[in-house]
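Hello,

Here is the structure I promised to pass on. Please open it alongside this email; my notes follow below.

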Amino acid sequence: MPALFVPTFDALRLALASGLVPGAAARAPGRAGRDTNGHLWLEPDEMPARDALAALARLGVVALGSPGVPTEPVRCWADLLPLRRAAPAPGPLLFNVPDRHLAALVARLRRDGAPVGVRLLPDPHAGRAWATCAAPSPSVVGRAEEPDSGARVFYQQAPHVWVARGWEHPLASHLVAPPDGVLLVAGEGTALVPGFVPEPHADDFALAPRPVAPVVPVAAPPFEVRFRLKRTDAPHEERLWVLGPAEAPAFDEFCRTADERLLRRFEYAPVSAGADSCVVVRRATAADGAAVLPVLAPGFAPDPRLAGLFVPTGFALRPHARTHELAAALGLATGRVVWVTGAPGGVTAHGTDARAFRPLHERIEYAAPPAARLTPDAVPEELFPFARVALQQETTIDLEPEAAPAPPPRDPGPVAPVADAPRGPGWVARLAGWLRGRR
């Protein structure tokens, strides 16, 4: 039977997410394996149509002959995709534990007053048990996730699909799970368990209390171990800032001058302890890596072991301790934010309720400046009040009239030549003399 050559997991994910593979073919079972170069070989029971194969070829997925590598059965194509890291999701959690540890786990869950659901698994999963809880405490979850506990914690990512806490399947909706079963997805593979997930419910048969003789335990000498801060070169990312009275003016100036789009990326919570008070600022979205408070203030990075725990930037909390012990020692619980600062001989834990944080832009109240009354100047009667100028113009000029031209003489005939008589000045010369006399 021909096999499909898939070069990478990304090519397979894109082929399923884009719908290039028909739904019936993608959900059909088959066999799959990997060669020495990490390439996937898939032998589906239902080969896609020719037009679908032509579309898959653009992603490098081609139909070839026998794979030549060992193959194993798979329920569907999406079973081949690996899990990827993800933030712990809220909601009900499913604890898969050995049945001999079920009673102790249920006792710890019910100690917090939360409803619990219980189920013993049938063959071939005999020896295992399930316990579900809507909101278990971080200490119980941390103890269950320890490597030597033998338990696994799952959350529901899709109908009938439960994935290991702290991980996610890239295409959980493409996984095939029967309506009368539960598909558990973890890093080592998937497991199909027939039946149902027990619903958490309150205790129906509470026993009446009866007096019990107190047992005096034998006092053992305790060993006091104090936590301390140690410098580290591990990558860190500031997500929380604590501003005291010294940083208050710079913080207020930032709030007054910053754009509201920048203010919406932060949350703040005022905290006071006696006479001391401070303002705690954190990112509105934890994944917003560009949200960095532009104020010179102590910054804190999240501790990877517990959600809601922050340590100073560039430091790590030592010594290493179990997560439930660490949460109990620092007073960390669900819905609480705790940050640790250095102190003589150890550390000091500060905390506040997560519900105390408010969007930073709500701290801003915009106000218009007061109106100013303008008084107009007196309008002059004339726009350009120049001094009065009178132009005196003379219209008469005393000029001597020219003599009327004499009529031409009659021709007396030839006469004797005589000398020219002297002539007087003309009218132009007389006008020029008159003008010189006016100066």
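**Salt bridges**

Glu 253 and Arg 256 sit three residues apart in helix H6 (residues 248-257), so about one helical turn separates them. Their side chains form a salt bridge, with the closest N and O atoms 3.0 Å apart. Glu 253 is partly exposed, at 39% relative accessible area. Arg 256 is exposed, at 60%. Please keep in mind that this is a predicted model.

The count of salt bridges comes to 15. Side chains of opposite charge can pair when their charged atoms come close. Two further pairs are worth a look on screen.

Start with Glu 168 and Arg 84. Their side chains meet in a salt bridge, 3.0 Å from N to O. Glu 168 lies in strand S12 (residues 167-168) and Arg 84 in strand S6 (residues 84-85), so the pair ties together parts that are 84 residues apart in sequence.

Next, Glu 145 and Arg 165 meet in a salt bridge of 2.9 Å, N to O. This pair links distant parts of the chain, 20 residues apart. Glu 145 is in the loop between helix H5 (138-144) and strand S10 (152-158). Arg 165 is in the loop between strand S11 (161-164) and S12. Glu 145 is partly exposed, with a relative accessible area of 39%. Arg 165 also counts as partly exposed, at 26%.

There is a network too: salt bridges link Glu 237, Arg 239 and Arg 283.

**Nonpolar cores**

In soluble globular proteins, nonpolar side chains tend to be buried together. Here the largest nonpolar core has 47 residues. Leu 12, Leu 16, Val 21, Phe 95, Leu 109 and Ala 131 touch the most other members. Take Val 21 as a case. Leaving aside neighbours within four places in sequence, Val 21 is in contact with Ala 15, Leu 16, Ala 26, Leu 56 and Trp 77. Another core, of 15 residues, lies apart from the largest one. Its members include Phe 254, Cys 255, Phe 266 and Val 295.

**Aromatic pairs**

The model has three aromatic pairs. In one of them, the ring centres of Phe 254 and Phe 266 are 6.4 Å apart and the planes stand at 85°, so the pair is edge-to-face. Phe 254 is in helix H6 and Phe 266 in strand S17 (residues 266-273), so to speak of distant parts of the chain here means twelve residues apart. Are these two buried or exposed? Phe 254 and Phe 266 are both buried. Together with Trp 241, they form one aromatic cluster.

**On the surface**

Leu 383, Phe 384 and Phe 386 make a nonpolar surface patch of about 440 Å². Leu 383 is in the loop between strand S24 (358-359) and helix H9 (427-438). Leu 383 counts as exposed, at 70% relative accessibility.

Asp 233 is exposed as well, with a relative accessible area of 82%. Asp 233 is found in the loop between strand S15 (228-231) and strand S16 (240-243).

**Backbone**

Most residues other than glycine have a negative phi, and most peptide bonds are trans.

- A cis peptide bond joins Asp 123 and Pro 124, with omega at about 5°. Pro 124 is in the loop between strand S8 (116-120) and strand S9 (128-133).
- A cis peptide bond also joins Arg 318 and Pro 319, with omega at about 0°. Pro 319 lies in the loop between strand S21 (315-318) and helix H8 (323-330).
- His 160 is not a glycine, yet its phi is positive, at about 65°. His 160 is in the loop between S10 and S11 and counts as partly exposed, at 32% relative accessibility.

Best wishes

Technical notes:
Residues numbered from 1 in each chain as written. Predicted model: local features only at pLDDT ≥ 70, side-chain atom pairs only at ≥ 80, totals over all residues. Heavy atoms only, no water. Patch = residues over 30% accessible without salt bridge, like charges linked within 9 Å, V, L, I, M, F, W, Y side chains within 5 Å. Areas by Shrake-Rupley, 256 points an atom, 1.4 Å probe, with all protein chains shown as cover. Salt bridge = Lys/Arg side-chain N within 4 Å of Asp/Glu carboxyl O. Helix = DSSP H or I, 4+ residues; strand = E, 2+ residues; numbered from the N terminus. Buried < 20%, exposed > 50% of the residue type's maximum accessible area, 1.4 Å probe, protein only. Core = buried A, V, L, I, M, F, W, Y, C linked by side-chain atoms within 4.5 Å. Contact = heavy atoms within 4.5 Å. Phe/Tyr/Trp six-rings, centres within 6.5 Å; stacked < 30°, edge-to-face > 60°.
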